[in-house]
Amino acid sequence: MWTIAAIAFASLVIIGGGALYAFGPSNLFKNYQMASVDDTPLLIELSEKQDRRTLQDGTEYFAASGTIINPSDTEQSVPSMLVILRDASGRIVYSWKMKAPAKSLAPGARINFNEAKLDVPRAASQLEVGWADVTRE
């Protein structure tokens with residue numbers, strides 16, 4: 001039985017090594033990375049006050065809100081956003097992908113976004129909003 005387990009483990013290591021060799025580490029994991037800031041000229045401006053409260057039933061309510069701005073002189077497609085909540089020590093405690101409020105944004109235009117979630121961890125104290133990976137859309 002140990003021999004079969006060792007052969008299975010060795011096979012997995014060989015297959016994984018072959019995939020890394022064939023695709024390279026950056027291509028193998030690129031679908032799970034946030035898009036870089038260079039991928040879009042759009043800007044995200046968070047609202048000064050985010051809506052967070054404990055509902056009567058004890059459920060934690062949080063709404064991420066802000067504005068997407070197109071500072072360029074060309075129409076830009078708007079990718080989905082990734083909302084990340086961190087605790088006081090900077091660890092990610094909750095995240096979700098937020099659908100863009102519009103497919104594209106005209107030159108110089110602005111559009112507001114707002115999306116709420118329930119049952120966010122009480123430890124969440126820091127908000128971060130960035131662009132989700134555009135290769136998975």
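Modeller: One definition to start with: helices (H or I, at least four residues) and strands (E, at least two) are DSSP runs, numbered from the N terminus. This is a predicted model, in which local features need pLDDT of at least 70 and side-chain atom pairs count only at pLDDT 80 or more, while totals for chains, interfaces and linings use all residues. Residues are numbered from 1 along each chain as its sequence is written, and side-chain values use heavy atoms, with hydrogens and water left out.

Biologist: Fine. How many helices and strands does the protein chain have?

Modeller: The protein chain has 1 helix and 9 strands. Along the sequence the pattern reads α-β-β-β-β-β-β-β-β-β.

Biologist: What share of the residues is buried?

Modeller: Of the 137 residues, 30% count as buried. Buried means under 20% relative accessible area, exposed over 50%, and partly exposed in between (1.4 Å probe, protein chains only).

Biologist: And β3, how many of its residues are buried?

Modeller: In β3, 10 of the 10 residues are buried, so the strand is largely enclosed by the rest of the structure. E60, F62, A64, G66 and I68 point one way, and Y61, A63, S65, T67 and I69 point the other way. In a regular strand the side chains alternate between the two faces of the sheet.

Biologist: Which strands does β3 pair with?

Modeller: Strand β1 (residues 43-46) pairs with β3 in the antiparallel sense over 4 bridges, and I44 stands opposite I68 there. Strand β2 (residues 51-54) is also antiparallel to β3, again with 4 bridges, and R52 stands opposite F62. With β8 the pairing is antiparallel over 9 bridges, and T67 faces N112 of β8. Two strands pair if DSSP finds at least two bridges between them.

Biologist: What happens at G58?

Modeller: G58 takes a positive phi near 90 degrees in the hairpin of β2 and β3, which has 5 residues between the strands.

Biologist: Let's take S65. Buried or exposed?

Modeller: S65 is buried, because its relative accessibility is 13%. Its place is in strand β3 (residues 60-69).

Biologist: What does S65 touch?

Modeller: Leaving aside neighbours within four places in sequence, S65 is in contact with L46, S47, K49, Q50, F113 and N114. Contact means heavy atoms within 4.5 Å. The C-alpha atoms of S65 and S47 are separated by 5.8 Å, and the two residues are 18 apart along the chain.

Biologist: Changing topic. How many aromatic pairs are there?

Modeller: The structure holds 2 aromatic pairs. F62 and W96 form one that is edge-to-face, at 6.5 Å centre to centre with 75 degrees between the planes. F62 lies in strand β3 and W96 in strand β6 (residues 92-98), so this pair ties together parts that are 34 residues apart in sequence.

Biologist: What are the cut-offs for a pair?

Modeller: Rings of Phe, Tyr and Trp (its six-membered ring) pair if their centres lie within 6.5 Å; planes under 30 degrees apart count as stacked, over 60 as edge-to-face and the rest as tilted.

Biologist: Are F62 and W96 buried or exposed, and which cluster are they in?

Modeller: Both F62 and W96 are buried. Ring pairs link F62, Y94 and W96 into a cluster.

Biologist: You mentioned β6. In what order do the strands run in its sheet?

Modeller: The order is β6-β5-β9, an open sheet of 3 strands with antiparallel pairing. β6 and β9 stand at the edges with a single partner strand each, so one side of each is left without a neighbour in the sheet. Between β5 and β6 there are 6 bridges, and M81 has M98 in β6 as its bridge partner.

Biologist: Where is R86, and which side chain does R86 join in a polar contact?

Modeller: R86 is in strand β5 (residues 81-86). Its side chain makes a polar contact of 2.9 Å with the side chain of E128. A polar contact is a pair of N or O atoms within 3.5 Å; within protein, one must be able to donate a hydrogen and the other to accept it, and residues adjacent in sequence count only if both atoms are side-chain atoms.

Biologist: Last one: where does D119 lie?

Modeller: D119 lies in the loop between β8 (110-118) and β9 (126-131). D119 is exposed, with a relative accessible area of 56%. Its phi is near 65 degrees, a positive value in a residue other than glycine.
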